[in-house]
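Hi there,

Here is the structure I promised to pass on to you. Have a look at it first, and my notes follow just below.

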Amino acid sequence: MDITTQQTTAPPTAPGPAAPADKRAARGATRPGDRIFLGLSRGSGIFVLVLMAAIAAFLTYRASIAIGKNEANFFTSFEWNPSGVPPEFGIAVLVFGTVVSSVIAMVIAVPVSVGIALFITHYAPRRLGGLIGYVVDLLAAVPSIVYGLWGVLVLVPHMGGLYSWLDEYLGWTGIFAWEGGPARSLLTVGILLALMILPIITNVSREVFRQVPRMHEEAALALGATRWEVIRMSVLPFGRSGVISASMLGLGRALGETMAVAMVLSPSFDIGASLLDPGGGTFAQNIASKFNEATVMGQDALIASGMVLFVITLLVNGAARLIIARRKEYSGANA
């Protein structure tokens with residue numbers, strides 16, 4: 001009787017334990033250093049939110065006290081007399097002055113800043129571009145009080161020629177009518193603010209333009225584009241979001257600038273029909289000039305105006321984020 005033996009093949013061996021590299025990676029997620037860094041990062045984010053909420057709560061509480069005792073319309077009144085009996089104050093002049101001076105500053109500063117940034121990154125020789133960039137960085141380090149002194153002693157006395165020209169050719173509009181007198185108006189403040197925010201917008205825009213992929217520019221040149229067409233089709237679309245962010249940073253400083261505006265602007269709680277009329281006011285300038293001499297009620301009224309400036313700043317930043325989010329796919333950042 002033949003007996004045949006059957007040979008069975010051994011089953012495949014089970015996979016061994018994880019490689020040492022995998023074990024190290026698994027342990028890396030729970031290392032003490034990573035846990036500490038995660039806790040510090042999370043705590044920093046929570047601290048910012050708590051700080052913003054605390055500021056908003058403080059401003060709301062003090063503002064509610066002042067507005068509750070105010071006998072005038074807080075948003076439309078042209079009077080500021082919180083120490084009177086009864087107290088009457090409003091922010092119409094402050095809103096107008098803050099918005100108008102900031103808009104003038106942005107209209108002047110943004111095109112000039114973008115032009116300087118493009119010249120440094122795409123036109124100027126390396127040495128000249130580095131020198132101009134260094135000068136712009138120095139302008140960003142100048143204190144506000146120095147800008148205010150320069151505005152009072154140099155800018156205001158030499159604005160007469162520009163005011164006369166505007167009155168001669170554009171005075172018929174009423175916006176640029178000038179009846180003489182010192183040039184301590186919202187237009188002068190807007191020009192001074194433009195000089196102050198120009199370094200911020202220029203520096204951020206310059207760094208954004210330097211991040212443009214080189215292949216985009218080379219491809220445009222290979223297709224026969226001129227230098228301006230390369231900038232228009234490759235550089236500006238890629239840096240649009242960065243320029244918007246830089247502009248919002250500059251606008252934030254223009255909205256909250258205090259000392260320079262207080263030194264240049266003529267103290268007058270009134271709204272003139274012309275941008276060349278002396279007088280007007282901004283939120284920051286009004287708070288800085290009246291806080292030390294204000295009574296408790298006056299301080300609450302100033303805090304109420306500060307709350308409005310706080311809300312305006314939040315709205316501006318939120319609008320900037322929405323603009324950047326909507327234009328992200330066209331900016332070239334994902335290329």
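Helix α3 (residues 92-123) and helix α7 (residues 186-210) have axes that come within 6 Å of each other and cross at roughly 35°. Axes here are lines fitted to C-alpha atoms, for helices over the stretch in contact, with angles running from 0 to 180 degrees between N-to-C directions. The crossing of α3 past α7 is right-handed, meaning that the near helix is turned clockwise from the far one by less than a right angle. Sorted by class, the contact between α3 and α7 holds 24 nonpolar, 8 polar and 2 charged residues. In this sorting Ala, Val, Leu, Ile, Met, Phe, Trp, Tyr, Cys and Pro are nonpolar, Asp, Glu, Lys and Arg are charged, and the others, Gly among them, are polar.

Before going on, please keep in mind that this is a predicted model, where local features need pLDDT of at least 70 and side-chain atom pairs count only at pLDDT 80 or more, while totals for chains, interfaces and linings use all residues. Numbering starts from 1 along each chain as its sequence is written, and side-chain values use heavy atoms, with hydrogens and water left out.

As for the overall layout, the protein has 12 helices and 2 strands. Both are DSSP runs numbered from the N terminus: helices are H or I with at least four residues, strands are E with at least two. Of its 335 residues, 36% are buried (under 20% relative accessible area; exposed is over 50% and partly exposed in between, with a 1.4 Å probe and protein chains only).

Next, the aromatic residues. There are 6 aromatic pairs, counted when rings of Phe, Tyr and Trp (its six-membered ring) have centres within 6.5 Å; planes under 30 degrees apart are stacked, over 60 edge-to-face and the rest tilted. Tryptophan 80 and phenylalanine 269 make a tilted pair, 5.9 Å centre to centre with 40° between the planes. The two are 189 residues apart, with tryptophan 80 in strand β1 (residues 80-81) and phenylalanine 269 in the loop between α10 (259-264) and α11 (283-290). Tryptophan 80 counts as buried because its relative accessibility is 13%, whereas phenylalanine 269 is partly exposed at 22%. Phe74, Phe75, Trp80, Phe89 and Phe269 together form one aromatic cluster.

Most peptide bonds are trans.

Serine 241 belongs to helix α9 (residues 227-256) and is buried, at a relative accessible area of 14%. Its C-alpha lies 8.6 Å from that of alanine 325, although serine 241 and alanine 325 are 84 residues apart in sequence.

Finally, which residues line the largest pocket? They are Ile120, Thr121, His122, Tyr123, Ala124, Pro125, Arg126, Gly129, Gly130 and Arg210. Helix α3 gives the most to this lining, with 4 residues, and by class the lining divides into 4 nonpolar, 4 polar and 2 charged residues. A pocket is an open set of points on a 1 Å grid over the protein atoms alone, where a 1.4 Å probe fits and protein lies on both sides within 12 Å along at least five of seven lines; lining residues have an atom within 4 Å of a point.

Best wishes
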